[in-house]
Amino acid sequence: MKKLFSLAALSTAALLLAACSGSPEAAAPAAPVSSTASASPQATAKSAVSAQPATAAPSSAAAPTVGATVGPTAPVPAPSPAEQVSPGPEPAATPLADLGLNARGNVAQKVGETSVFGAATGQQFADLTADSIQADFKCTGPDAQPSINGQFVAITISVAAQDNFADSGWPSLALSNMEFTAWDAAGEQLVDPIGNSAGCVPAEDLIESPVEPGTKVDGLVILDVPKGAGSAAFVVGGFEGSYGWEWHWQ
């Protein structure tokens with residue numbers, strides 16, 4: 001079909017050129033015709049008959065146009081039901097409760113209960129204990145500012161970092177209110193649990209951070225949270241998505 005299409009295109013171009021030219025030579029038909037000036041009367045009559053334009057036989061198939069698809073396009077068959085592969089069921093996630101975690105993915109701790117930071121192999125790197133939690137805490141710092149969320153909560157924490165703490169992947173244990181996440185009584189996470197806690201107590205009353213390997217420290221962590229009940233969780237490194245230890249207050 002490509003070859004036939006090319007010949008048709010050349011023939012069309014020749015006809016267009018003949019129509020545009022004003023000279024007889026350019027307009028001459030492809031078949032040779034005798035001139036009437038040199039022909040005999042009999043030949044003239046005969047030539048007149050033969051010079052009549054012949055009617056071209058209609059073509060059974062039109063020449064393809066540019067951009068058209070030559071020949072029928074076979075439809076793409078739809079996959080049969082046997083060929084369709086249905087995805088298998090996704091593996092069920094292990095419930096948080098089976099991992100010892102609450103709905104927020106943390107280990108619920110009580111005041112006085114020791115939390116251990118260690119590896120799955122049983123290796124322990126540090127332990128920490130919330131010795132007390134005081135809601136509606138009254139600031140003692142000379143530069144204390146009013147709470148912007150409703151109240152201050154003071155958590156007294158004691159920490160012991162083991163000599164092998166660096167084996168955890170962390171050189172030391174950062175432990176300040178920046179590593180805490182807090183929720184109100186309705187379980188809504190607070191955008192800013194730090195608030196105006198800076199300056200609430202003298203710097204020496206705050207827990208030392210970071211806690212270096214082989215040391216034991218204790219001190220306060222101050223949070224600025226809404227009034228009423230709530231909770232806060234400490235996560236090593238402060239990373240979202242990592243589980244931590246969560247304490248509640250009323």
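This is a predicted model: local features need pLDDT of at least 70, side-chain atom pairs count only at pLDDT 80 or more; totals for chains, interfaces and linings use all residues.
Strands β7 and β8, the latter spanning residues 245-249, pair in the antiparallel sense over five bridges. Within the pair, Ala-232 stands opposite Trp-247 of β8. Strand β7 also has a partner in β5, residues 180-183: the two run antiparallel and are joined by four bridges. There, Phe-180 is placed opposite Phe-234 of β7.

How much of β7 is covered? The strand comprises residues 230-234, and five of its five residues are buried. Both faces are covered, with Gly-230, Ala-232 and Phe-234 on one side, and Ser-231 and Ala-233 on the other.

Let me turn to Phe-234, which belongs to β7. Its relative accessibility is 0%, and the threshold for buried is under 20%, so Phe-234 counts as buried. Which residues does Phe-234 touch, leaving aside its neighbours within four places in sequence? The contacts are Leu-128, Leu-173, Ala-174, Leu-175, Glu-179, Phe-180, Gly-244, Trp-245 and Trp-247. As for Glu-179, 55 residues separate it from Phe-234 in sequence, while the C-alpha to C-alpha distance is 5.9 Å.

My next residue is Gln-109, located in the loop between β1 (107-108) and β2 (114-118). Is Gln-109 buried or exposed? With a relative accessible area of 10%, Gln-109 is buried. Its side chain forms a polar contact of 2.5 Å with the side chain of Ser-115. Beyond its neighbours within four places in sequence, Gln-109 is in contact with Thr-114, Ser-115, Trp-245, Glu-246 and Trp-247. Trp-245 and Trp-247 are also among the contacts listed for Phe-234.

Finally, the disulfide. The structure holds one, joining Cys-139 to Cys-200 with an S to S distance of 2.0 Å. Cys-139 sits in the loop between β3 (124-134) and β4 (151-161), and Cys-200 in the loop between β5 and β6 (216-225), so the pair ties together parts that are 61 residues apart in sequence. Why is this disulfide described as left-handed? The reason is that the torsion about the S-S bond of Cys-139 and Cys-200 is about -95°. As to accessibility, Cys-139 is partly exposed, with a relative accessible area of 26%, whereas Cys-200 is buried at 0%.

To close, I return to β7: the strand pairs with β5 and with β8, and both of its faces are covered.

Terms used:
Residues are numbered from 1 along each chain as its sequence is written. Side-chain values use heavy atoms; hydrogens and water are left out. Buried means under 20% relative accessible area, exposed over 50%, partly exposed in between (1.4 Å probe, protein chains only). A polar contact is a pair of N or O atoms within 3.5 Å; within protein, one must be able to donate a hydrogen and the other to accept it, and residues adjacent in sequence count only if both atoms are side-chain atoms. Contact means heavy atoms within 4.5 Å. Two strands pair if DSSP finds at least two bridges between them. A disulfide is a pair of cysteine sulfur atoms within 2.5 Å.
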